[in-house]
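Open the structure in your viewer and keep the selection tool at hand. Each stop tells you what to select and what is there.

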Amino acid sequence: MTINQFMTQDHKACDEQFAQLENIVDAGNFEGADLMFDEFQAHMLKHFDMEEKVMFEEFNTANHDGCNPTGIMVMEHDQIRDLMSKMKESLNSKNKDQFLGLSENLLFIMQQHNMKEEQIMYNLADDALNQESVINKMKEI
């Protein structure tokens, strides 16, 4: 399995949780939404840790062709973290419309971000790093 395949599978799992979360909020089930949000957020933060603490760190020290988008990826992770924090606040205040507006923004950012990672970053990592070693380290997070 390549890094791209491994991380793309995780993107899909996060996307599925996010869709379930939106449906739960849209139905007005804030109790269920709190639980689902916590699961989604934990999964996203684990995904970011796998990238930032393993793949990006190793990529930044590896000998690669000079193209290094890790800084942009981390900046986008920070944007997503900020949006998730605002989404949690809107859940706490049971503000469905605010939550769904924020989730629309998050969906757009995640789609663009995932596309960059799957088409560029992960392929660069696959070429520059020991795929098996990186995947094994990411699984330990």
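Before you start, note that this is a predicted model.

**Stop 1: an aromatic pair**

Searching the whole structure turns up two aromatic pairs. Select Phe18 and Phe40 for one stop among the rings. A pair of aromatic rings is described by two things, the distance of the centres and the angle of the planes. How far apart are the centres of the rings of Phe18 and Phe40? They are 5.3 Å apart, and the planes meet at 40°, so this pair is tilted. The cut-offs make that clear, because stacked planes are under 30 degrees apart and edge-to-face planes over 60.

Now colour the helices. Phe18 sits in helix H1, residues 3–26, while Phe40 sits in helix H2, residues 30–61. The pair therefore ties together parts that are 22 residues apart in sequence.

The cut-off for buried is under 20%.

Phe18, Phe37 and Phe40 make up one aromatic cluster.

**Stop 2: the cavity**

How many cavities of 30 Å³ or more does a search of the whole structure find? The search finds one. The largest cavity has a volume of about 70 Å³.

Select its lining next: His11, Cys14, Asp15, Met44, His47, Phe48, Ile80, Met110, His113 and Asn114. Which elements give two or more residues to this lining? They are H1, H2 and helix H4, which spans 96–128. Colour the lining by residue type. Five of the residues are nonpolar, four are polar and one is charged.

**Stop 3: Glu76**

Glu76 belongs to helix H3, residues 70–92. Its relative accessible area is 8%, so Glu76 is buried.

What does the side chain of Glu76 meet? Another, at 2.3 Å, links the side chains of Glu76 and Lys116. Leaving aside residues up to four places away in sequence, Glu76 touches His113 and Lys116. Remember that His113 also lines the largest cavity.

**Stop 4: Glu22**

Go back to helix H1 and select Glu22, which is found there. How far apart in space are Glu22 and Ser103? Their C-alpha atoms are 7.4 Å apart, although 81 residues separate them in sequence. Not counting residues up to four places away in sequence, Glu22 touches Leu100, Ser103 and Glu104.

**Stop 5: Lys94**

Select Lys94, in the loop between H3 and H4. Most residues other than glycine have a negative phi. Lys94 is not a glycine, yet its phi is positive, at about 55°. Is Lys94 buried or exposed? With 54% relative accessibility, Lys94 counts as exposed. The cut-off for exposed is over 50%.

**Stop 6: Glu132**

Finish at helix H5, residues 131–139, and pick out Glu132. Glu132 counts as exposed, because its relative accessibility is 59%. Now draw a line from Glu132 to Asp82. These residues are 50 apart along the chain, and 32 Å separates their C-alpha atoms.

How values were computed:
Residues numbered from 1 in each chain as written. Predicted model: local features only at pLDDT ≥ 70, side-chain atom pairs only at ≥ 80, totals over all residues. Heavy atoms only, no water. Phe/Tyr/Trp six-rings, centres within 6.5 Å; stacked < 30°, edge-to-face > 60°. Helix = DSSP H or I, 4+ residues; strand = E, 2+ residues; numbered from the N terminus. 1 Å grid on protein atoms, 1.4 Å probe; cavity = no way out; pocket = protein on both sides within 12 Å on 5 of 7 lines; lining within 4 Å. Points joined across faces, edges and corners; volume = space filled by probe spheres on them. Nonpolar A, V, L, I, M, F, W, Y, C, P; charged D, E, K, R; others polar. Buried < 20%, exposed > 50% of the residue type's maximum accessible area, 1.4 Å probe, protein only. Polar contact = N/O pair within 3.5 Å; in protein donor to acceptor, adjacent residues only side chain to side chain. Contact = heavy atoms within 4.5 Å.
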